[in-house]
Amino acid sequence: MLFALKKFVGGLLLPLPLFLLIIAVGLIFIWWTRWQRLGKICISLAWLGILLLSLQPVADRLLAPLENHYPTINTPSNADYIVVLGGGYTFNPDWAPSSNLINNSLPRVTEGVRQLELNPNAKIIFTGAAAISNPISSAQVAANVAKSLGVPAERIIILDKPRDTQQEAQEVAKIVQKQRLLLVTSANHLPRALRFFKAEALDPIPAPANQLAISSPLNPWERWLPSPLYLGHSERAWYETLGSWWQALLKAKDEK
């Protein structure tokens, strides 16, 4: 119940739901109260917020500081284990295996498989529990994709109980212990994930995947026309910022 509540409240605080909620409040003020001016201000500010966060220069300026902490790894790391954190997924057996990994998940898995090729003695660990009403876990779906890309089943370990990053770190620690570990997750998620793993006395090698913030040249219309793609980039920046605040709050509470 607490996990679902955390996800629900966190989802409401993301840019699009939050601004839509502000617009709804503004409409209530306009139609059913005498505070019409306040309602107009709410709607105008929400419109401006959606506009700005949908522009590439704004969105990627927010996201880039989270993604630029660690470089891509292109050489062997002598890792014993490669851990790929779970993310968005669904399960439709009629689809190609990779189509069941959505949002940030497929780039994480493909980067994990690439790192496995660079470290031929390593095993790969996929994490992630089953979503509500889903018969198969995120970890199992990721493992299915890895197998479809040629990874032998004996090199795959599935941890399908953890529901968030903190639980993933705790379960991985039971297996890895003091052995050499390479951690694969989205570049924007990596700083927060590393703090959870280090709290379990692990010292992972960071391996970023799914970089989103664009610094290479773009056409002018791609930079200055509002786009749901860049609103998604802003959402990732805000989501990870909220997650880091929550992580710091829990740490401060534990230290008291």
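In which sense do S1 and S4 pair, and over how many bridges?

Tutor: In this predicted model, S1 and S4 pair in the parallel sense, over four bridges. Within that pairing, Val84 has Val184 of S4 as its bridge partner. S1 is also joined to S2, again by four bridges, and these two strands run parallel. Here Val84 stands opposite Phe126 in S2.

The side chains of S1 may be taken next. In a regular strand, side chains alternate between the two faces of the sheet. In S1, Tyr81 and Val83 lie on one side, Ile82 and Val84 on the other, and all four are buried, which leaves both faces of the strand covered.

Leaving aside residues up to four places away in sequence, Ile82 touches Gly112, Gln115, Leu116, Asn119, Ala122, Lys123, Ile124, Ile125, Leu182 and Val184.

Helix H8 (residues 190-199) has seven of its 10 residues buried, so it is largely enclosed by the rest of the structure. The buried residues are Leu190, Pro191, Arg192, Ala193, Leu194, Phe196 and Phe197. They pack against S1, S4 and S5, and also against helix H4 (56-67), helix H7 (165-176) and helix H10 (228-255). After H8 comes Ala201, which has a positive phi, near 65°.

The other helix is H6, in which Ser138 is found. Ser138 is buried, with a relative accessible area of 5%. With residues up to four places away in sequence not counted, Ser138 touches Gly86, Gly87, Tyr89, Thr127, Gly128, Ala129 and Ala130.

The domain assignment gives domain 1 (1-67 + 220-255) and domain 2 (73-209). The C-alpha centres of the two domains lie 28 Å apart, and 11 residues of domain 1 are in contact with 10 residues of domain 2. The unreviewed UniProt entry lists residues 80-243 under "domain: DUF218". In the model that span is 41% helix and 15% strand, with its end C-alpha atoms 29 Å apart. The same record, also unreviewed, lists residues 12-32 and 38-55 under "transmembrane region". Residues 12-32 are 90% helix and 0% strand, and their end C-alpha atoms are 24 Å apart. For residues 38-55 the values are 89% helix and 0% strand, with the end C-alpha atoms 26 Å apart.

Technical notes: Residues are numbered from 1 along each chain as its sequence is written. This is a predicted model: local features need pLDDT of at least 70, side-chain atom pairs count only at pLDDT 80 or more; totals for chains, interfaces and linings use all residues. Side-chain values use heavy atoms; hydrogens and water are left out. Contact means heavy atoms within 4.5 Å. UniProt positions are given in the numbering used here, feature names are shortened, and annotations may be inferred rather than shown by experiment. Buried means under 20% relative accessible area, exposed over 50%, partly exposed in between (1.4 Å probe, protein chains only). Two strands pair if DSSP finds at least two bridges between them. Domain bounds come from an automatic or database domain assignment.
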